[in-house]
Amino acid sequence: MRLNDGSVARRLSTLGKHLVETTTTTVRRPTAPPIRSLPWRGSVFGHVAQAPEDPILGVTVAYNKDPSPVKVNLGVGAYRTEEGKPLVLNVVRRAEQLLLNDPNRIKEYLPITGLAEFNKLSAKLIFGQDSPAIQENRVTTVQCLSGTGSLRVGAEFLAKHYHKKSCFQHTIYIPLPTWGNHPKVFTIAGLTVKTYRYYDPATRGLNFQGLLEDLSAAPSGAIVLLHACAHNPTGVDPTLDQWEHIRQLMRSKGLLPFFDSAYQGFASGSLDADAQPVRLFVADGGELLAAQSYAKNMGLYGERVGALSIVCKTRDVAVRVESQLKLVIRPMYSNPPIHGASIVATILRDREMYGGWTIELKAMADRIISMRTQLHEALLARGTPGDWSHIIKQIGMFTFTGLNTDQVAFMTKEYHIYMTSDGRISMAGLSSRTVPHLADAIHAAVTGAV
Ligand code: PLA
């Protein structure tokens with residue numbers, strides 16, 4: 001279309017007016033009212049309450065904020081060297097080097113159930129090389145996110161699929177006391193949590209009678225959480241004879257064992273000895289669950305590597321159970337990470353590296369035991385009132401000191417010693433250098449001397 005001169009002139013004049021107006025006058029753009037003036041002006045999350053710190057991991061948060069040069073963190077169960085440094089095992093460094101140098105390493109997704117070789121080797125580690133249940137292919141093992149993830153996957157599977165005639169099928173009995181995360185993991189997965197007596201504060205040992213009474217009174221078909229070894233927080237384990245008693249009682253009542261094995265090798269220094277209670281239950285042909293963690297025994301805390309095994313009556317059942325575990329895992333985190341499981345598989349498959357691991361593991365366990373002796377002697381030397389023999393009797397990473405909340409708060413405030421408020425101390429976080437300071441703090445807390 002051709003424009004005549006008149007229409008061109010009109011258009012130019014309109015454009016000119018527009019330009020003048022927009023540059024010389026204030027344009028009233030529709031402006032949004034400030035958010036603060038609106039009726040719903042607060043955040044849609046405004047009602048969210050401040051949550052408390054985690055009772056264990058929160059201790060590290062408080063420790064990190066303390067500028068004191070003498071502070072000691074005995075809260076979380078994390079191994080430290082004599083120099084107070086975190087430890088990466090030599091055998092882990094070697095495995096990582098091998099993985100790094102392998103040009104065939106890829107970063108593809110793992111299957112939902114994780115690294116197959118890792119799963120096989122993990123089952124052998126806990127149930128034993130010659131376990132009949134493994135030979136009969138009636139164990140299913142899935143790689144999970146360390147011990148916590150393995151417990152959670154197991155709990156969700158039970159909440160969905162554990163069918164006993166009794167209406168108590170979804171009740172899990174946990175020891176009193178137990179690791180603080182247990183009730184949370186099981187409740188959120190949909191199980192009802194109840195407790196059974198375990199620890200006797202008077203003897204600072206096992207309340208075996210109370211345990212037997214409570215398990216006898218538990219409804220048939222209930223699930224029972226058992227610490228495979230190095231009970232957290234008490235450091236008190238049943239003897240093998242007592243385990244046998246527990247096994248007979250549980251099997252006779254049809255109680256389903258769910259073992260939490262977070263410290264295999266840390267209790268006695270021997271991987272096989274620490275797995276004995278679990279193997280006792282597998283040997284009778286009955287069913288059970290076992291959650292394994294490599295956080296402590298391989299020092300792979302942050303790699304989040306663990307496994308859940310379910311021992312079934314037959315191969316056929318195990319295959320179907322595994323198919324359902326996949327349905328639990330897939331919408332939760334899809335599939336597990338590859339690196340940590342590859343480290344573990346590299347070590348477990350190689351005889352020489354496996355041997356190296358057991359030596360380093362024993363050294364960690366021995367150092368913890370030596371901390372027990374040193375702390376005990378330091379308290380005796382100070383004449384600290386009370387019987388402190390439980391420090392050398394208890395097993396594993398922790399000592400359940402018997403100190404109360406006020407005494408713990410005092411030790412933190414005055415001595416910068418960080419520990420959980422139930423009086424648990426991580427022996428693995430102590431060193432010869434810090435033992436005297438801890439002993440001074442305990443002495444002052446007990447005698448009331450500042
Ligand atoms: N089960 C028990 C009995 C534990 O003590 C722990 C860790 C876990 C499972 C979970 O370990 P993982 O998920 O790291 O493999 N307990 C620690 C750490 C060491 C923690 O609370 O997370 C503790 O200080 O109690």
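Author: Happy to! Please keep in mind that this is a predicted model.

Reader: Which helix gives the most to the lining of the largest pocket?

Author: The lining of this pocket is made up of 28 residues, and L57, V76, T148, W179 and K296 lie nearest the centre. At least three lining residues come from each of domain 1 (56-87 + 366-447) and domain 2 (109-349). The helix that contributes the most, with four residues, is α6 (residues 146-161).

Reader: How many residues of each class are in the lining of the largest pocket?

Author: Tyr, Trp and Pro count as nonpolar here, while Gly counts as polar. Sorted that way, the lining has six charged, nine polar and 13 nonpolar residues.

Reader: Which residues come nearest to the ligand, and how much of the accessible area of the ligand does the protein cover?

Author: There are 18 residues around the ligand, and S146, T148, N232, D260 and S293 come nearest. For S146, a side-chain N or O atom is 2.5 Å from an oxygen atom of the ligand. Of the 530 Å² of accessible area that the ligand has on its own, the protein covers 92%.

Reader: And what about cavities: which elements give two or more residues to the lining of the largest cavity?

Author: The count comes to one cavity of 30 Å³ or more, and the largest has a volume of about 40 Å³. Its lining consists of Y196, Y198, L226, H227, H231, P238, W243 and I246. The elements giving two or more of the lining residues are β7 (223-227) and α9 (240-253).

Reader: How many charged residues does the lining of the largest cavity have?

Author: By class, six of the lining residues are nonpolar and two are polar. For charged residues, the count is none.

Reader: Where do cis peptide bonds occur, at which residue pairs?

Author: P177 sits in the loop between β3 (171-176) and α7 (182-189), and its cis bond has an omega of about 0°. P233 sits in the loop between β7 and α9, where omega is about 15°. The pairs are L176 and P177, and N232 and P233.

Reader: Which residue has a positive phi although it is not a glycine?

Author: Look in the loop between α5 (132-135) and β2 (139-145). The residue there, with a phi of about 55°, is N137.

How values were computed:
Residues numbered from 1 in each chain as written. Predicted model: local features only at pLDDT ≥ 70, side-chain atom pairs only at ≥ 80, totals over all residues. Heavy atoms only, no water. 1 Å grid on protein atoms, 1.4 Å probe; cavity = no way out; pocket = protein on both sides within 12 Å on 5 of 7 lines; lining within 4 Å. Domains from an automatic or database assignment. Points joined across faces, edges and corners; volume = space filled by probe spheres on them. Near = heavy atom within 4 Å. Polar contact = N/O pair within 3.5 Å; in protein donor to acceptor, adjacent residues only side chain to side chain. Areas by Shrake-Rupley, 256 points an atom, 1.4 Å probe, with all protein chains shown as cover.
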